[in-house]
Amino acid sequence: MSTARLLAVLRSRWVRWGFLVLALGLAVYAVVAVRADLVDAARALSAARLGAALVLSVLFVGATLLSWRAVLADLGSRLGARSAVSVFGISQLGKYVPGGVWNIVAAAEVGADHGVPRRRTMTATAVATGVGVVSGAVVGVVALPFLAADALGPWAWTLWLLPAVVVLLLPPVLNRLLGVALRLARRAPLDRPLSWTGLGAAAAWAVLGWVLAGVQVWLLATGLGMATGVRTLALAVGGYALAWMVGFLLVVVPAGAGARELVLLAVMAGTVPHAELLLVVLVSRVLVTLADLAFAGAGALVRRAPFPPLAPRGRLRWDVVRRALPRRRATVLEVGCGRGAVGARIAERHDYTAVELDETTWALAVECLREAAPRARVLHGDTTVLDADDRFDVVCAFEVIEHVDDDAAALAAWVARVRPGGTLLLSTPAWPDRFGPWDVLAGHYRRYEPERLHELLVDAGLTDVEVRLYDAPIGYLLEAVRNRMARRRAGERATVDLAGQTAGSGRVLQPTSWAVGALVAAVVWPFCLLQRAFPRHGTGIVAHGRRPPGPPQPGALPPGAPSVEVRPGMARQNGQNLDARHPHHGHSEEA
């Protein structure tokens with residue numbers, strides 16, 4: 001099996017879910033295996049003390065997250081809080097799979113979903129781990145005056161590694177080592193080197209983490225009889241940091257299980273009876289595991305940013321469109337993406353590209369998709385900004401064709417962008433006799449009879465054409481409301497600006513609040529189910545057809561030909577087409 005095929009298998013949805021289930025199962029087992037000791041702890045320790053220790057465990061893992069995030073930002077990828085929790089939280093489960101590297105692999109895969117190059121995530125995770133080891137050793141050495149000389153027992157030799165590791169983590173040395181490693185792996189060099197500032201911030205967060213973890217151990221131990229005071233606090237902080245360092249060196253053991261406990265027991269021996277000390281060590285580990293699980297759960301919940309809200313009719317349309325899209329991953333082009341609410345949903349499962357002519361709407365789409373679908377590509381302009389040989393499995397145009405003067409030529413241009421065997425998918429308002437004030441306000445040229453749209457798609461060279469209606473029965477009420485609002489707005493205007501109305505149609509009546517979007521989704525959901533029973537009724541059309549394999553069909557533009565948006569009398573400027581009379585892209589999120 002080739003390397004490319006092996007990587008494809010490892011990155012498949014099934015393998016990734018399988019890894020997540022395995023890691024989660026091992027993490028849960030780590031808790032369940034000591035359930036009897038947890039019962040004893042619950043009897044010996046107060047609920048307030050256990051709760052405080054759990055909070056400190058969560059803060060410890062959070063400080064570790066911030067240390068990793070500082071390294072990643074120093075390498076050139078600044079993740080927001082949501083994305084950082086998603087990548088780091090899920091990757092933490094990899095610590096519980098034997099091998100010592102699975103958290104790095106998991107971080108790389110989840111990071112790729114958030115637009116971070118895999119090699120950068122792997123480098124950041126490895127460097128942050130190294131920073132954690134060195135800072136842990138430093139914290140432990142600072143606490144050595146409080147420790148017995150032979151406290152580390154057979155692991156005392158690990159302290160001799162500290163000077164060498166500290167030197168390796170200095171930016172001039174570390175950057176050279178990373179460069180050699182990437183060259184040997186035949187990978188491109190880092191976009192930017194690590195800096196003293198970035199590594200300093202990472203080290204500061206790591207040290208804070210060790211302090212928090214040590215305070216957690218101290219809180220548990222004092223609850224079981226250990227004397228309170230500065231000496232015992234330093235003993236707990238230094239002992240935990242050194243124990244973690246030793247556990248990391250034994251990478252063949254999942255998350256250092258066993259070794260860390262033995263070191264911590266050796267360091268704190270004599271401060272409390274052995275049975276109580278063993279209980280402290282086990283409870284401490286379980287609480288940190290619970291914190292890891294909490295971050296993993298939070299990471300799974302926020303892995304994808306909430307989809308941008310849809311207007312009621314847009315949600316009804318999406319219920320039909322999503323079932324017409326391919327089930328397998330495909331390349332998708334959306335013409336006139338509006339603010340990107342539909343595009344974000346498509347980009348969740350497909351390789352998504354969009355073009356949007358209106359500059360204001362395009363800027364909104366870029367911002368929206370940067371958060372919801374970082375790998376999506378959103379271009380400013382019409383289809384002519386694409387490479388001449390770009391072809392897609394699916395070309396979408398939702399609520400666009402009614403904005404185009406020459407609809408037959410537009411269809412031919414879109415079909416030319418469909419890969420042979422691919423699909424053209426579009427939506428548009430139905431029934432010419434329903435053309436009303438809202439159509440004027442939105443900048444529509446026309447509405448379509450289903451039979452007429454079917455003929456246009458066949459004439460454009462498509463086969464297996466299917467045309468269906470949607471939004472019945474609630475669509476009639478929604479349209480009446482929109483027409484009434486349009487009449488009121490028309491009365492406030494002295495003239496009709498068709499170009500401006502078309503350009504802004506993708507922003508009219510679009511909800512911007514997540515709360516409003518959630519309310520719309522809840523109210524419209526029953527009607528999404530109901531409209532499926534009325535495929536021949538409604539105020540809107542969703543249609544799709546397949547481009548036959550082989551040479552272009554009559555009427556379709558040859559490969560590389562300019563799209564229909566370039567017409568005589570139109571000026572081109574900065575990759576976009578400007579027409580004082582009427583722009584030629586509508587918007588998929590038109591209400």
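## Report on the predicted model

F60 is buried, at a relative accessible area of 7%. Buried means under 20% relative accessible area, exposed means over 50%, and partly exposed lies in between, with a 1.4 Å probe and protein chains only. This is a predicted model, in which local features need pLDDT of at least 70, side-chain atom pairs count only at pLDDT 80 or more, and totals for chains, interfaces and linings use all residues. Residues are numbered from 1 along each chain as its sequence is written, and side-chain values use heavy atoms, with hydrogens and water left out.

**Overall make-up**

The protein has 591 residues, and buried residues make up 51% of them. It holds 22 helices and nine strands. These are DSSP runs numbered from the N terminus: helices are H or I with at least four residues, strands are E with at least two. Among contacts with a separation of 6 or more, 79% come from residues 24 or more positions apart. Contact means heavy atoms within 4.5 Å. The protein exposes about 26,500 Å², and carbon and sulfur atoms supply 64% of that area. Accessible areas come from the Shrake-Rupley method with a 1.4 Å probe; for residues, only the protein chains shown count as cover.

**Nonpolar cores**

In soluble globular proteins, nonpolar side chains tend to be buried together. The largest nonpolar core here has 72 residues. Such a core is a set of buried Ala, Val, Leu, Ile, Met, Phe, Trp, Tyr and Cys residues joined through side-chain atoms within 4.5 Å. F60, W68, V71, V127, L194, Y240 and M268 touch the most other members. Helix α10 (residues 196-223) gives this core its largest share, 11 residues.

What does V127 contact, leaving aside its neighbours within four places in sequence? The partners are V71, L174, L178, L194 and L199.

**Aromatic pairs**

The whole structure contains four aromatic pairs. Rings of Phe, Tyr and Trp (its six-membered ring) pair if their centres lie within 6.5 Å; planes under 30 degrees apart count as stacked, over 60 as edge-to-face and the rest as tilted. F60 and Y240 form an edge-to-face pair, because their planes stand at 85 degrees, with ring centres 5.9 Å apart. This pair links distant parts of the chain: F60 is in helix α4 (residues 47-74) and Y240 in helix α11 (residues 230-249), 180 residues apart. Y240 is buried, at 12% relative accessibility.

W68 and F88 form a tilted pair, because their planes stand at 40 degrees, with ring centres 5.7 Å apart. W68 also lies in helix α4, while F88 is in helix α5, 20 residues apart. W68 counts as buried at 3% relative accessibility, and F88 does so at 5%. Ring pairs also link F60, W210 and Y240 into a cluster.

| Pair | Centre distance | Plane angle | Type |
|---|---|---|---|
| F60 and Y240 | 5.9 Å | 85 degrees | edge-to-face |
| W68 and F88 | 5.7 Å | 40 degrees | tilted |

**A surface patch**

V101, W102, V105 and M122 make a nonpolar surface patch of about 310 Å². Patches are made of residues with over 30% relative accessible area and no salt bridge; like charges are joined within 9 Å, and nonpolar side chains (Val, Leu, Ile, Met, Phe, Trp, Tyr) within 5 Å. A salt bridge is a side-chain nitrogen of Lys or Arg within 4 Å of a carboxyl oxygen of Asp or Glu. V101 sits in the loop between α5 (81-91) and α6 (102-113). V101 is partly exposed, with a relative accessible area of 42%.

**Backbone features**

Most residues other than glycine have a negative phi, and most peptide bonds are trans. A cis peptide bond joins A472 and P473, with omega about 0 degrees. P473 is in the loop between β6 (463-471) and α20 (474-491).

E399 is not a glycine, yet has a positive phi of about 55 degrees. E399 lies in the loop between β4 (392-398) and α17 (407-416). Is E399 buried or exposed? E399 is buried, with a relative accessible area of 0%. D464 also has a positive phi, of about 50 degrees, although it is not a glycine. D464 is in strand β6 and counts as exposed at 51% relative accessibility.

G443 lies in the loop between α18 (437-442) and α19 (450-459). G443 is buried, at 0% relative accessibility.
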